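I am opening a notebook on a structure that is new to me. My entries will record what I looked up and what I found.

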Amino acid sequence: MSTTPAQKDQIVSRLEPLGDVAVRPMMGEYLVYFNGTYFANICDGHLLVKITPTNSHYDLPEVLPYASAKRNMLRVDDLDNLDFLQELITETLKGLPKPKPKKK
């Protein structure tokens, strides 16, 4: 089941107060970027965050984003707690490589 535009808009509206959030469509679902760094997916109407060494201690369910995926992601169900979302995103970004500069 794909994410509907309304589901995507609802999730993005929860993330926007936290900073520079960008969303790109990808095969019926969405990739989520924060300050230019890819850190999450929106799949089946859920926010799924990449698992990193810096966020693996959170007690969130691990799920596959799609059937042929090779890595689990953390499913975030509480999108109303902005303090938790900010902390989770910050911890996730600490464990991810910085984006490469774009070639001119």
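The entries below go from the sheet to the rings and then to the pockets.

**Ground rules.** I am working with a predicted model, in which local features need pLDDT of at least 70 and side-chain atom pairs count only at pLDDT 80 or more, while totals for chains, interfaces and linings use all residues. Residues are numbered from 1 along each chain as its sequence is written, and side-chain values use heavy atoms, with hydrogens and water left out.

**The sheet.** I looked up the strand order first, and found an open sheet of 6 strands in the order S1-S2-S3-S4-S6-S5, with antiparallel pairing. Strands here are DSSP runs of E with at least two residues, helices are runs of H or I with at least four, and both are numbered from the N terminus; two strands pair if DSSP finds at least two bridges between them. At the edges I noted strand S1 (21-26) and S5, each of which pairs on one side only.

**Around S6.** I then followed the bridges of strand S6 (residues 73-76), which is joined to strand S4 (residues 46-50) by 4 bridges, the two running antiparallel. Lys50 stands opposite Met73, and Leu48 has Arg75 as its bridge partner. Strand S5 (residues 62-63) is joined to S6 by 2 bridges, again antiparallel; here Val63 stands opposite Met73, and Glu62 has Leu74 as its bridge partner.

**The S3 and S4 hairpin.** I found 4 bridges between S3 and S4, which run antiparallel, with Cys43 opposite His46. The hairpin has 2 residues between the strands, and Asp44 takes a positive phi near 50°.

**Rings.** What aromatic pairs does a search of the whole structure find? It finds 3, where rings of Phe, Tyr and Trp (its six-membered ring) pair if their centres lie within 6.5 Å, and planes under 30 degrees apart count as stacked, over 60 as edge-to-face and the rest as tilted. Phe34 and Phe39 have ring centres 6.4 Å apart and planes at 85°, so I recorded the pair as edge-to-face. Both of these residues are buried, where buried means under 20% relative accessible area, exposed over 50%, and partly exposed in between (1.4 Å probe, protein chains only). Tyr58 and Phe84 form another edge-to-face pair, 5.6 Å centre to centre with 80° between the planes. This pair links distant parts of the chain, with Tyr58 in the loop between S4 and S5 and Phe84 in helix H2 (residues 82-94), 26 residues apart. Tyr58 is buried, with a relative accessible area of 11%.

I also noted that the charged end of Arg24 sits over the ring of Tyr33, 4.6 Å from its centre (the rule asks for NZ of Lys or CZ of Arg within 6 Å of the ring centre and within 35 degrees of the ring normal).

**Pockets.** Last, I looked up the open spaces, and the largest pocket holds about 240 Å³. A pocket is an open set of points on a 1 Å grid over the protein atoms alone, where a 1.4 Å probe fits, with protein on both sides within 12 Å along at least five of seven lines, and lining residues have an atom within 4 Å of a point. Its lining includes Lys50, Met73, Tyr38 and Pro65. The second largest pocket holds about 190 Å³, and among its lining residues are Tyr38, Cys43 and Pro65. Strand S2 (29-34) and strand S3 (37-43) each supply at least two residues of that lining.

Terms used: Grid points are joined across faces, edges and corners, and a volume is the space filled by probe spheres set on the points.
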